[in-house]
Amino acid sequence: MSLFAVSPNVEIEQMDTDPFADVERVLDRAAALAATYLKTLPDRPVAQPVTPAEMIAALAEPLPERGADPAGLVDEWFARAERGIVATSGPRFLGWMIGGSTPAALAGDWLTAALDQNTGGWSASPAGVQTETVVVDWLKELFGIPSSWAGVLTNGATMSNLVGLAAGRQWVAAQLGFDAARDGLGGRPAIPVVSSTEIHASTIKSLGTLGIGRDSVQLVPAHEGRIDLAALAHTLDTIDGPVIVVANAGDVNTGAFDDIEAMAAICRRHPGAAWLHVDGAFGLFAAVSPRSQHLIRGIEQADSVGSDAHKWLNVPYDSGFAFVRDHHALESAFTVTAAYIHADDADHWNPVLQSRSPELSRKARGLPIWCALKSLGRTGVQDLVERCLGYAQEIGEWIDAHPTLELSAPVHLNIACFRYRPHGLDESQSDAFNSAAAAALQADGRVFVTGTEWQGRQTIRIAFDNWATRPRDLRILEEAILDIGQKLLDDPRFSE
Ligand SMILES: *Cc1c(COP(=O)(O)O)cnc(C)c1O
């Protein structure tokens, strides 16, 4: 009798075939489809008009009863879903802050999926965990973060900010005499948080997730996107004990930076002590160029920093990283204990013993970043960042020089914010014109930019962080901006 009895329902022959015999046939189809998509990406419409009803109909299907040939599935899905695929990784997607993926990072991501390593603990993948340690060290060096800080890879800046704030929560609670992660927050003094009105929505979300509370953050005014330092100092004066302060580097609307160095000094003077967290989702990349380094001055005086790899580093979704000065505050926030988790006294980081994020099982996010940083090198990252700075500067100057357009804010980094200035419209008509223009530019498909509200007015944002954007894309952008402006002027809504 065999030790492993095969169920009588399973045909022995079928079990005996090589389970991976088909792998090339299946994967080659995906690789071919991906290559065709990426090669045509620069010339695809960025977004295509599709109604929710059309998208729902395209994918509607009951749970399949029987299996299908795996090789054709990606092609079938692509054909059905195509109209709803937005070319966010392409060179003229300039909305929000998205970023594409370089072929090197993409190859790393594919292999990550193929190897399917779980980097939740050292024993499950020494290679995956050590790769994460190496890339975290590289990233610290790249951005001027002290090498002694702890770091961890996350699924994006929301989670990176959550990681930094969780460590801050742990530190504040310790000052107040309790362990927030162990004891919970119930019945304890509130944990005060101060930031500016430009705080990112995801950080507010993280404060909610952490039990600190979305509404608990005190918002200090900002001028042109930068926190009012006197108002910050004044607010801290009204708080007796320890406090978390969040700096925005840069703000998502205009790319403006808080003065981190001055904020760190104000934090140091606070008698109750303060934890300074910096949201550097894309702004941390200012550190890699002498042209923008001054914006992030003082970063090494912060206590924690959150950032993204899937934006400006052009690594595929989802990928981010966080750095925290105080290892104990970080690791006590995410302690995991279970009977099957055993300590070893090793001289390497083991995520299961020194947990630094909310995840347990996690993919080997280090590999795509490893490939990205190996393929670019420090000079390649600097070059990528500087190209984007140059594009934002250039389009800003073009807008400034154009009689029917105006810059809504100075170009601080990689974002240009502008408004159309149609003649003869009052403020509210002009706001309606600008939000209609943002929508029309998206529907047009040549470029993708996003509308926002800045200082009470409807504004259009152009954000550069894609490695593949070229000067010709700027010409197409300029053309589209002028065409859409002209079309709207002829629209009965805006012409008398
Ligand atoms: C994008 C962004 C975030 C959130 O990052 P995700 O990667 O979307 O989770 C937070 N802060 C700023 C300033 C951002 O630009």
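User: Which helix does asparagine 434 lie in?
Analyst: Asparagine 434 is part of helix α14, residues 427-444; helices are DSSP runs of H or I with at least four residues, strands are E runs of at least two, and both are numbered from the N terminus. This is a predicted model, in which local features need pLDDT of at least 70 and side-chain atom pairs count only at pLDDT 80 or more, while totals for chains, interfaces and linings use all residues. Residues are numbered from 1 along each chain as its sequence is written, and side-chain values use heavy atoms, with hydrogens and water left out.

User: Is asparagine 434 buried or exposed?
Analyst: Asparagine 434 is buried, at 2% relative accessible area. Buried means under 20%, exposed over 50%, and partly exposed in between (1.4 Å probe, protein chains only).

User: Which residues does asparagine 434 touch?
Analyst: Leaving out residues up to four places away in sequence, asparagine 434 touches Arg419, Tyr420, Gln458 and Ile460. Contact means heavy atoms within 4.5 Å.

User: Turning to the whole chain, how many helices and strands are there?
Analyst: The chain has 15 helices and 13 strands. Its radius of gyration is 25 Å, close to the 23 Å from the globule rule for 496 residues, so the chain is as compact as a globular protein of that length. The radius is taken over C-alpha atoms, and the rule is 2.2 Å times the number of residues to the power 0.38.

User: What percentage of the residues count as buried?
Analyst: Of the 496 residues, 50% count as buried.

User: And what share of contacts with a separation of 6 or more comes from residues 24 or more positions apart?
Analyst: Such residues account for 73% of those contacts.
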